[in-house]
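Subject: Handover of a structure for your study

Dear colleague,

Please find below the structure that I am passing on to you. A short account of the findings follows it.

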Amino acid sequence: MDEIDGAILRELQADGRIPYADLGPKVGLSPSAARQRLQRMIDAKVVQVVGVTDPMSMGGQAMALLGLRVDGDPRAVADELSRHDEVVYAVLTSGTFDLFAEVVCRRPHDLLDFVNDVVRPVEGIAAVESFPYFGIHTHRFLWDVT
């Protein structure tokens, strides 16, 4: 990846639907050259262009990142948690927590119920630490593309 590829990715992070007619000039290329560059990155599996929903704008009012300590295989716990619609993603880690899971619920008390009634009883979960974020807001995942 060079500086132009990085510029293309930064523009796509800001607006994933930007037309090539606008993208090309913003990164110093013609529209067709920008399209070719992006297609080359997609073909090389360097980047995926996907739609990402904002759970808060879709009715979720309470979100939390759950840090989970697991006795046994954390993959089995991740698989079990992923069966629930409230779990946006689950990722294995190699730090203090064995697994992180992001959870979205309609209301704060639903989040509390989900953690206590669904997550804690899962076999293999030794401890749950919840990092909640409440209210209507948007959040974006922006990675520094250099």
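A salt bridge is counted when a side-chain nitrogen of Lys or Arg lies within 4 Å of a carboxyl oxygen of Asp or Glu. Please note that this is a predicted model, in which local features need pLDDT of at least 70 and side-chain atom pairs count only at pLDDT 80 or more, while totals for chains, interfaces and linings use all residues. Residues are numbered from 1 along each chain as its sequence is written, and side-chain values use heavy atoms, with hydrogens and water left out.

Salt bridges

The structure holds six salt bridges. One of them joins Asp5 to Arg37, with the closest N and O atoms 2.9 Å apart. Asp5 lies in helix α1 (residues 3-14) and Arg37 in helix α3 (residues 31-43), so this pair ties together parts that are 32 residues apart in sequence. Helices (H or I, at least four residues) and strands (E, at least two) are DSSP runs, numbered from the N terminus. Asp5 and Arg37 are both buried; buried means under 20% relative accessible area, exposed over 50%, and partly exposed in between (1.4 Å probe, protein chains only). Asp2 joins Asp5 and Arg37 in a network of salt bridges.

Another salt bridge connects Asp73 and Arg75, whose closest N and O atoms are 3.0 Å apart. Here Asp73 is partly exposed at 37% relative accessibility, and Arg75 is exposed at 52%. Arg107 and Asp110 also meet through their side chains, at 3.3 Å from N to O.

Aromatic rings

Two aromatic pairs were found in a search of the whole structure. The ring centres of Phe97 and Phe100 are 5.4 Å apart and their planes stand at 55°, so this pair is tilted. Rings of Phe, Tyr and Trp (its six-membered ring) pair if their centres lie within 6.5 Å; planes under 30 degrees apart count as stacked, over 60 as edge-to-face and the rest as tilted. Phe97 is buried, with a relative accessible area of 10%. Phe97 and Phe131 have ring centres 6.2 Å apart and planes at 90°, so they form an edge-to-face pair.

Strands

In strand β1 (residues 62-70), seven of the nine residues are buried. Strand β1 pairs with strand β3 (residues 99-105) in the antiparallel sense over seven bridges; two strands pair if DSSP finds at least two bridges between them. Within this pairing, Leu68 stands opposite Leu99 in β3.

Yours sincerely
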